[in-house]
Every structure is written in structure tokens, then in C-alpha cells.
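This briefing goes with the sequence and the 3D structure shown below. Please keep both in view while reading, and find each residue as it is named.

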Amino acid sequence: MTEISIYEVGPRDGLQNENIPLDTNEKISFINLLSETGLKFIESGAFVSPKWVPAMADSNIVLTKIKRKEDIMYPVLTPNIKGLDDALKYNADTACVFTTPSESFSKKNTNCSVNEALARAREVTKEALLKGMKVRGYISTVMFCPYENEIEPLKVAKLAEELVKMGCYEISLGDTIGSGTPLKTKQMIKACKEAVGIEKLAIHFHDTYGQALANILASLELDIKVIDTSVGGLGGCPYAPGAKGNVATEDVLFMLNGMGVSTGVDLDKICDASKFVFSKLGRTPSSRVYSAIEAKNNRN
Ligand code: HMG
Ligand code: MG
């Protein structure tokens, strides 16, 4: 049976864009619930500027108080050395550096040019590896940029190559505004696969235009083995106006279960975590699978 890793980004990408941030204790309970689902990767916070992303300002308390399990990684975003120092102080196991091929997105998201972001990523990665952490590299706007429109696949592949060279164990390819379609997805993944090999790649698709599952299926056909998801479809980037949440963990699990692909993640327990976090946010999950399971349970 094929195996796919699910990398849950709900507590970070999912919550970073909330206008009324979730209470810190509720975040901790949310992550603890996720730790019981079989997930092996739960991105749990971001050591970014609280002026830029206020909803992540309590990542230090979150990392201190969650009940960590030995076989689960709890990565955090670290845009610069200040972020890495905090990540080390609060015993994060994985640092995530982030880049983009788009000069405009780089400026909006991290207040620096693409080359400056790469230089920061290099500095953070070097130091994190020295301190025994793993480093994951993100590339945003891999197909379209909210400010520069279409992105050339070779530009993404070049960045992926740079991030692997500096020591990132995996590169997560972000369709930040969720406007990619399967053909474009395949062109982008093929270029990156040629540059760094498929085993170094993960996909991170937002679902703004409802294309994420189709794009994931297209990526699976190219042997992608790691998929970033977010319970209930939580998420969005504050610097990508209009972008909706990540593809819902429930929707991806339901599709993979139907394909006989093993993930080790329990769909019912994910629905419980989804119910918990959305009840605290006062909304219903956008996941179609969540709604269908909930309706079925209510009928029985
Ligand atoms: P800056 O304002 O240019 O930073 O921000 P600076 O170096 O000029 O410092 C200014 C102040 O910020 C100083 O404080 C620093 O100490 C402080 P002051 O002296 O004024 O009191 N500062 C920090 N504080 C806490 N943590 C830090 C930090 N660094 C500086 N790490 C910076 C530059 C990169 C920090 C800022 O632009 C930032 O935090 N950006 C992050 C934006 C972000 O988190 N975006 C969302 C995540 S990315 C995403 O969602 C995409 C992804 O999901 C993939 C996809 O979907 O495509 C990953
Ligand atoms: Mg994202």
C-alpha cells in the first residue's frame, strides 16, 4: 500500500489570519487533540513579528504548554535569526524558512527582496542545523502571485534547488492564493522534481478556487508523498488578500482512504479536532467531508 504523510498546518497557517485570535489555552487544547489523531507533523506556531501577525504572538506559550509526543514533530516558522532564537528557546524541533520567487510578495510578506529572504533563510538554516534542528523550506506563490500574476515553474525549481543546497530536508510548494489548476500544477512539480527529486518535495495548496483536491491528485500522479493540510479548511495568509484556507485535512483523508492510500491518520478524530476548533471560532468548518460526516452522524 502506498504511504502518504499528512503535514497539519491548522494551528499555524489555519489560525494566523484570524481577526479575533483563538485563546492560548484553546490553541493548546487544539494541538493536544491533533496529537491524538495519528498525525506525525503538526505545525504549531510562528516566531514572526507580532506586529505583522498578531495571532501568532503567543507561540512561545503554546510551545511551552502543549503535551508533546515523542514521535510527532511540532515545526514553527522562523523568518530570521530572532525567530530562530525564540524557536530554540522554546525547544522547537523544526525551523521553517520561507521564500517566494515573487519580489512583490517577498516585500509584502517579509519586508525584503527575494535575495534578502534567501540570505536570511541561509543564515537561519545554517544556525538551526548546527543546533540540531531540522529545517523545512517553504516556497510561496509557486503558480500565481496576488501581485505579479503567473509564476514561471523554472523560477520555483531554482529556489527549491537553493533551499535544498542550504540544508532544508523538504521543500513545501505553496499555492498561496489557491488559483493553480492541475495542468499548471504538473508543470510546476515536474520542474521542481527535475531540480531536486520528488522525495524532497511537499505540496501546500490553498483552496480558494476549489482546485486543491484536483491539484493534489495531479501531484500524486507525479509521486508526491507529503501533503500539507489544515483541519476543516482553516487558514489564509495575511499578505495574500482573498486567499482562502488550506485544503481541508478531512477532504484529503477521505480521498486517500478511498484510493487505499495509508496515512495513519484517523478521520473521525480529525473531525473531532475540527469540531472543537471551529466551535471556539464560532463558525462551521468549510470541509465538505466534515459536513457530510456530521450530517450522517446526526441522521443515525
Ligand atoms: P521587519 O519589520 O522588517 O523587521 O519585519 P526588523 O528586522 O526591521 O525589526 C523590526 C522590529 O521587529 C524589531 O522590534 C524586531 O525586534 C522585531 P522593535 O525594535 O521595533 O521593537 N522582530 C521580531 N519580533 C519577533 N519575532 C521576529 C522578529 N523579527 C524582527 N522573528 C519580519 C521582518 C520578517 C520579521 C516580518 O516581516 C514578519 O514577521 N513577517 C512574517 C509574515 C508572516 O508570518 N506571514 C505569514 C506566514 S507565510 C505564509 O503564510 C505562507 C505559507 O503558508 C506558504 C503558502 O501558503 O504559500 C508558509
Ligand atoms: Mg499557506
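The model is predicted. Among the elements that cover the buried residues of helix α7 are β5 (94-99), α6 (114-130), β6 (134-139), β9 (170-175) and α8 (182-196).

- Helix α7 covers residues 153-166, which makes 14 residues.
- The buried residues in α7 include P153, V156, A157 and L159.
- A160, L163 and M166 are also buried in α7.
- After α7 comes G167, which has a positive phi near 120°.

**A121 in helix α6**

- A121 is located in helix α6, one of the elements that cover the buried residues of α7.
- Is A121 buried or exposed? Its relative accessible area is 3%, and because buried means under 20%, A121 is buried.
- Leaving aside neighbours within four places in sequence, A121 is in contact with L163 and M166, as well as with V97 and T99.
- L163 and M166 are themselves buried residues of α7.
- A121 and T99 are 22 residues apart along the chain, and their C-alpha atoms are separated by 7.8 Å.

**Helices α11 and α12**

- Two packed helices are described by the angle between their axes and the distance between the axes.
- Helix α11 (residues 267-281) packs with helix α12 (residues 288-299) at an angle of about 100°, and the axes are 11 Å apart.
- Angles of 65 to 115 degrees count as roughly perpendicular, so α11 is roughly perpendicular to α12.
- On the α11 side, the residues that meet α12 are L267, C271, S274 and K275.
- On the α12 side, V289, Y290, I293 and E294 take part.
- The residues of this contact divide into 5 nonpolar, 1 polar and 2 charged.

**P285 between the two helices**

- P285 is in the loop between α11 and α12.
- The relative accessible area of P285 is 8%, and this residue is buried.
- Which residues does P285 touch, not counting those up to four places away in sequence? They are G232, S274, F278, Y290 and S291.
- Of these, S274 and Y290 also belong to the contact of α11 with α12.
- The C-alpha atoms of P285 and G233 are separated by 6.5 Å, although the two residues are 52 apart along the chain.

**The magnesium site**

- Which residues coordinate the magnesium ion (ligand 2)? They are D13, through OD, and H204 and H206, each through NE2.
- In sequence, the donor residues are spaced D-x190-H-x1-H.
- Both histidines of the site, H204 and H206, are buried.

**Two asparagines with positive phi**

- N91 has a positive phi of about 60°, although it is not a glycine.
- N91 lies in the loop between α4 (81-89) and β5.
- With a relative accessible area of 56%, N91 is exposed.
- N149 also has a positive phi, near 65°, and is a residue other than glycine.
- Strand β8 (residues 149-150) contains N149.
- N149 is exposed, and its relative accessible area is 52%.

Definitions and conventions. Residues numbered from 1 in each chain as written. Chains lettered and ligands numbered in written order. Predicted model: local features only at pLDDT ≥ 70, side-chain atom pairs only at ≥ 80, totals over all residues. Heavy atoms only, no water. Donors = N, O, S within 2.8 Å, 3.2 Å for Na, K, Ca; no water. Buried < 20%, exposed > 50% of the residue type's maximum accessible area, 1.4 Å probe, protein only. Axes fitted to C-alpha atoms, helices over the stretch in contact; angles between N-to-C directions. Helix = DSSP H or I, 4+ residues; strand = E, 2+ residues; numbered from the N terminus. Parallel < 35°, antiparallel > 145°, perpendicular 65-115°, else oblique. Contact = heavy atoms within 4.5 Å. Nonpolar A, V, L, I, M, F, W, Y, C, P; charged D, E, K, R; others polar. Expected span 1.5 Å × (residues − 1).
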